[in-house]
Amino acid sequence: MEAIMDTTVDSLFSVFATLGTVPVIRSARGNAAEMVAEKLDKKLRENLRDTRNSLFLTDATQAGNFR
């Protein structure tokens, strides 16, 4: 089950990185969707914190311009 969730999170992350957008994540509580949402949120935040290697920012002047 853990491997499937990790694959799902990695796939969703790839979609958002390709689109260059940071999503608003919402999910139902108490099920697998919540666990995927939490893992995706963590992965997105970690990537955004690393401004030198972030996949979402192409220029330092865009640092607050999320779509």
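**Asp10 and Lys43**

Asp10 lies in helix H1 and Lys43 in helix H2, so the pair ties together parts that are 33 residues apart in sequence. For helices I follow DSSP runs (H or I, at least four residues; strands are E, at least two), numbered from the N terminus.

I then checked accessibility, where buried means under 20% relative accessible area, exposed means over 50%, and partly exposed is in between (1.4 Å probe, protein chains only). Asp10 is partly exposed at 36%, and Lys43 is partly exposed at 27%.

**How the values were taken**

I keep in mind that residues are numbered from 1 along each chain as its sequence is written, and that side-chain values use heavy atoms, with hydrogens and water left out. Because this is a predicted model, local features need pLDDT of at least 70 and side-chain atom pairs count only at pLDDT 80 or more, while totals for chains, interfaces and linings use all residues.

**The other salt bridges**

How many salt bridges does a search of the whole structure find? I recorded 4.

One of them joins the side chains of Lys39 and Glu2, at 2.2 Å from N to O. Lys39 lies in H2 (residues 32-49) and Glu2 in H1 (residues 2-19), so this pair ties together parts that are 37 residues apart in sequence. Both ends are partly exposed, Lys39 at 26% relative accessibility and Glu2 at 45%. I also wrote down that Glu2, Asp6 and Lys39 are linked in a network of salt bridges.

Arg45 and Asp41 meet in a salt bridge too, at 2.9 Å from N to O, but here both residues lie in H2, 4 residues apart, about one turn of the helix. Arg45 counts as partly exposed at 48%, and Asp41 counts as partly exposed at 29%.

**Helix H2**

I checked the length of H2, which has 18 residues and reaches 26 Å from its first C-alpha to its last, close to the 26 Å expected. The expected span is 1.5 Å times one less than the number of residues.

Which residues of H2 are buried? I listed Val36, Ala37, Leu40, Leu44 and Asn47. They cover an arc of only 100° around the axis, which puts them on the same side of H2; the arc is that of the directions from the helix axis to the C-beta atoms. On the other side of H2, I found Lys42 and Arg49 exposed.

What do the buried residues of H2 pack against? I noted H1 as their partner.

**The whole chain**

Finally I looked at the totals, and the protein chain has 2 helices and 0 strands. Of its 67 residues, 22% count as buried. Among contacts (heavy atoms within 4.5 Å) between residues at least 6 apart in sequence, 62% join residues at least 24 apart.
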